[in-house]
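Open the model in your viewer and keep the sequence panel beside it. The stops below go one selection at a time.

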Amino acid sequence: MADFRIETEPDSLLREHLYLFTLELKQHPILDLACGDGHNGILLTKKGFQVVFADRSEEALEQVRRHAGAEGMTATLWQTDLETGVADPFSCQTFSGILVFRYLHRPLIPAIRRALLPCGILIFETFTTEQAQFGKPKNPDHLLNPGELLSWFEDWEVIYTFEGIAGEPPKAIAQLVCRKP
């Protein structure tokens, strides 16, 4: 059984803010962090962006490779465990956009802030502490406290933010779309 979700569509947060991924952002790669099956990054690849798909799961990255191949595209795969305690897991790499969905490892936040280029777009969605009432995840290390996500990036240009219960079945999430100054 896969240790990642297989999706058929990109997340709505990305679809709704796809207009932010302009021609200027094509000059540098986009990072799909903890990409799982890559359904979000594949959308950007279809739009002509170079995407780096990062995940610790070899099986997930193989799914990305197969999906990209079926679409006639190549994918840049990066198998990495981002939770090893390395201060800068991106090794001074920079990105014009970073996507983070359903993943939280707080020590990565400074590295994400450094790795995104000026005028770059960050799209971040993950679960809040209220999620425990609906199911997984329940580990507080993987759940955002109220206002936490926005507090990390409040000095950036906030384009969209949401925190609450959404969807069916319901899930407790925080969402943020912002541009680095």
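This is a predicted model: local features need pLDDT of at least 70, side-chain atom pairs count only at pLDDT 80 or more; totals for chains, interfaces and linings use all residues.

Residues are numbered from 1 along each chain as its sequence is written, and side-chain values use heavy atoms, with hydrogens and water left out.

**The sheet**

Select the strands. They form an open sheet of 7 strands in the order β3-β2-β1-β4-β5-β7-β6, with mixed pairing. Strands (E, at least two residues) and helices (H or I, at least four) are DSSP runs, numbered from the N terminus. Two strands pair if DSSP finds at least two bridges between them. At the edges are β3 (76-79) and β6 (157-166), each pairing on one side only. From one strand to the next, the twist averages 15°.

Now zoom in on β2 (residues 51-55). It runs parallel to β3, joined by 4 bridges. Ala54 is opposite Trp78 in β3.

**Two helices**

Pick α2 (residues 39-46). Helix α2 lies across β1 (30-33), β2 and β4 (95-101), at about 170° to β2. Angles run from 0 to 180 degrees between N-to-C directions, with axes fitted to C-alpha atoms, for helices over the stretch in contact. Contact means heavy atoms within 4.5 Å. Next, take α3 (residues 58-70): it packs on the sheet, touching β2 and β3, and its direction makes about 175° with that of β3.

**The cores**

Which residues have the most contacts inside the largest nonpolar core? They are Leu31, Phe90, Ile98, Ile112, Leu122 and Phe153, in a core of 28 residues. Such a core is a set of buried Ala, Val, Leu, Ile, Met, Phe, Trp, Tyr and Cys residues joined through side-chain atoms within 4.5 Å. Buried means under 20% relative accessible area, exposed over 50%, partly exposed in between (1.4 Å probe, protein chains only). Helix α4 gives the largest share, 4 residues.

Apart from this core lies another, of 23 residues, including Ile42 and Phe101.

**Loops**

Go to Pro137, in the loop between β5 and α5. The peptide bond from Lys136 to Pro137 is cis, with omega near -5°. Then find Pro169, in the loop between β6 and β7. Glu168 and Pro169 are joined by a cis peptide bond, omega about 0°.

Finish at Cys92, in the loop between β3 and β4. Its phi is near 65°, a positive value in a residue other than glycine. Cys92 counts as exposed, at 69% relative accessibility.
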